[in-house]
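Some notes on this model follow, point by point. Please read them with the structure open.

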Amino acid sequence: MSKLFRDVAGENLCPQGSVVCIGAFDGLHRGHQALVGHARLRARELGVPAVALSFEPLPREYFARGERPARLTLPRAKFEGLRALGMDQVGLLRFGAALSSMSADEFVERILLQRLSAREVWVGPDFRYGQGRGGHIQSLREAGARLGFEAGEIAPVIVDGERVSSSRLREQLAAGDLEGAAEGLGRRYAIDGKVVRGRQLGRRLGFPTANLRLMGKRTALTGIYATWVHGVGDDARASVSSLGTRPTVYGTEPLLEAHLFDFDGDLYGKRLRVEFVAKLRDEEKFDDLPALVRQMNLDAEQARKLLRHDCNPIGASA
């Protein structure tokens, strides 16, 4: 069972040593999987724990001015994904003023050595760390030579001639290119969350939905989608889902709403995974509720047709 830690300070978590991989791990795409897999392999060979080290919020969120950048993976799903990839310890360090002002040398000494007793540290391409992003792979190798650990960089993963990256995946998802994103992720894109109570408007309109809040994060995609929902019994459930702010009913908070076909049950409090298969249309504001209902019926019919030909839902956390 993987253990989660959030703080820089505290007891030594790996007194026997560890192999550490560091990254944002937003999306846990094929490049991240290669990095984590290599760290796990080296940890098993050395007989020490494998540690994935990341940050929450992500530095790019913390430093953002105005609208926050889109996220691919919510924090809990990131932890669960890293656990599923075999990490013994997962660090989601609280990123704020204190951590952002920590020098590269202090980052190495306080976190990699004092907290984790790192014997090896592995990073991806273009890795930076410390105040002002002053640390890089060469300074990490030099610190390791001085302090007694090895540092290495994993080669990028290339798909269709392009490097797999979280930025590239955000662009693909924003453009509705779910197939391209799935190539980089190694699975279809999905969002995990716990079902919360809403205004019951969907039920009154004939389309009851399971509502998943997004923890204040901005998602990389919006619109109406044909989806599979996992977590309701043993089989995936065909569904149509809306991801956005619901402008027709003057919504403000981004919400993921999934309408499960031919289902009538209580899902409140359940953790579900919504797997995105195809984009049907952009979110839009309708003149009135009858116009919205007419479009919802068309969306549901289109989603049913698409999913009838999709016999292999491959739900995975994203």
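Predicted model: local features only at pLDDT ≥ 70, side-chain atom pairs only at ≥ 80, totals over all residues.

1. The sulfur of Cys21 lies 12 Å from the closest cysteine sulfur, that of Cys14. A disulfide needs the two sulfurs within 2.5 Å, so this distance is too far for a bond. A search of the whole structure turns up zero disulfides, and Cys14 is in none.

2. Both cysteines are inside. Cys21 counts as buried because its relative accessibility is 0%. Cys14 is also at 0%, and therefore counts as buried.

3. Next, the nonpolar cores. The largest has 28 residues, and Ile22, Leu112 and Leu140 touch the most other members. Strands S2 (18-22), S3 (50-56) and S5 (118-123) each supply at least two residues of this core, as do helices H5 (104-115) and H6 (137-147). H5 gives the largest share, five residues.

4. Look at Ile22 in detail. Beyond its neighbours within four places in sequence, its contacts include Leu35, Leu53, Phe55, Phe107, Leu112 and Trp122. Gly124 and Phe127 are also among them.

5. A separate core of 26 residues lies apart from the largest one. Its members include Leu214, Val232, Leu256 and Leu267.

6. Finally, the largest pocket. Its volume is about 1000 Å³. Of its 40 lining residues, Gly23, Ala24, Asp126, Phe127 and Arg133 are the closest to the centre. Helices H1 (30-46), H2 (59-62), H4 (97-100) and H7 (166-174) each supply at least two residues of the lining. By type, the lining divides into 20 nonpolar, 13 polar and seven charged residues.

Notes
Residues numbered from 1 in each chain as written. Heavy atoms only, no water. Buried < 20%, exposed > 50% of the residue type's maximum accessible area, 1.4 Å probe, protein only. 1 Å grid on protein atoms, 1.4 Å probe; cavity = no way out; pocket = protein on both sides within 12 Å on 5 of 7 lines; lining within 4 Å. Points joined across faces, edges and corners; volume = space filled by probe spheres on them. Helix = DSSP H or I, 4+ residues; strand = E, 2+ residues; numbered from the N terminus. Nonpolar A, V, L, I, M, F, W, Y, C, P; charged D, E, K, R; others polar. Core = buried A, V, L, I, M, F, W, Y, C linked by side-chain atoms within 4.5 Å. Contact = heavy atoms within 4.5 Å.
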